[in-house]
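Thanks for coming. I'll take a few minutes to walk through one model. Please have a look at it first.

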Amino acid sequence: MNDLIINKENKNAQIPQICLQSAQRKGSIIGESYHPNAHQLYNDIVMWIDDYFKTNQHFSLSFCVSYFDTASNKGIYNILKCLKDWQSKGKTISIVWYVSESDDDLIEDIDDLAEDASVHISTILSDKPHSIAS
């Protein structure tokens with residue numbers, strides 16, 4: 001299965017850097033998300049996850065998204081819901097979100113997403129979210 005790599009060089013500030021790696025059983029979504037075509041971007045991630053879990057058991061996803069608009073919120077929700085659906089089928093998932101300690105609004109948004117998707121997100125408070133490596 002091919003990895004899904006989007007905006008690797010961070011040339012488009014409107015979309016996060018996305019790196020989903022099949023062999024390593026992990027992925028990361030890092031940056032800001034306010035692209036006009038966010039629906040398609042996040043739909044591609046959901047389709048990749050669905051393909052991945054056809055032959056794999058475990059996946060770990062790390063977020064370091066510091067800002068997202070309404071359309072991206074819906075896309076992120078769809079990713080979380082997809083992961084929850086696979087978890088309910090016996091797959092093992094881990095979701096971590098790195099967030100600045102001082103960003104109370106984002107922390108609340110993450111909590112809301114977790115509650116809405118009925119999935120656990122481990123929130124890691126850090127003043128250095130740029131140092132996250134997937």
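Before the aromatic residues, a definition: rings of Phe, Tyr and Trp, the last by its six-membered ring, are taken as a pair if their centres lie within 6.5 Å. By that rule there are nine aromatic pairs in this structure. Keep in mind that the model is predicted.

Five aromatic residues belong to one cluster: Trp48, Tyr52, Phe53, Phe59 and Trp86. Trp86 also has a charge over its face: Lys89 sits there, at 4.6 Å from the ring centre.

Two members of that cluster, Trp48 and Tyr52, come up again with Ser22. Ser22 is in the loop that connects S2 to strand S3, residues 26-33. Is Ser22 buried or exposed? Ser22 has a relative accessible area of 10%, and the cut-off for buried is under 20%, so Ser22 counts as buried. What does Ser22 touch, leaving out residues up to four places away in sequence? The list is Met1, Asp3, Trp48, Tyr52 and Asn56.

Next, the core. In soluble globular proteins, nonpolar side chains tend to be buried together. Here the largest nonpolar core has 38 residues. Ile45, Ile49, Phe63, Ile79, Leu80, Leu83 and Trp97 are those with the most contacts inside it. Two or more residues each come from strands S1 (4-6), S2 (17-21), S4 (58-68) and S5 (92-99), and from helices H1 (38-52), H2 (70-88) and H3 (104-117). Which element gives the most to this core? That is H1, with eight residues.

Take Ile79 as an example from the core. Not counting residues up to four places away in sequence, Ile79 touches Ile29, Tyr42, Ile45, Val46, Ile49, Leu61 and Phe63.

Leu61 leads us to the strands. Leu61 stands opposite Ile95, which is in S5. S4 and S5 run parallel and are joined by six bridges. Between those two strands the chain passes through H2, and this β-α-β crossover is right-handed.

S5 has another parallel partner, strand S6, residues 122-125, with four bridges between S5 and S6. What is the hand of the β-α-β unit made by S5, H3 and S6? That unit is right-handed.

To recap: S5 pairs with S4 over six bridges and with S6 over four.

Note on methods:
Residues are numbered from 1 along each chain as its sequence is written. This is a predicted model: local features need pLDDT of at least 70, side-chain atom pairs count only at pLDDT 80 or more; totals for chains, interfaces and linings use all residues. Side-chain values use heavy atoms; hydrogens and water are left out. A nonpolar core is a set of buried Ala, Val, Leu, Ile, Met, Phe, Trp, Tyr and Cys residues joined through side-chain atoms within 4.5 Å. Buried means under 20% relative accessible area, exposed over 50%, partly exposed in between (1.4 Å probe, protein chains only). Contact means heavy atoms within 4.5 Å. Two strands pair if DSSP finds at least two bridges between them. A crossover is right-handed if, with the strands pointing away from the viewer, the path from the first strand over the helix to the second runs clockwise. Rings of Phe, Tyr and Trp (its six-membered ring) pair if their centres lie within 6.5 Å; planes under 30 degrees apart count as stacked, over 60 as edge-to-face and the rest as tilted. A charge sits over a ring if NZ of Lys or CZ of Arg is within 6 Å of the ring centre and within 35 degrees of the ring normal.
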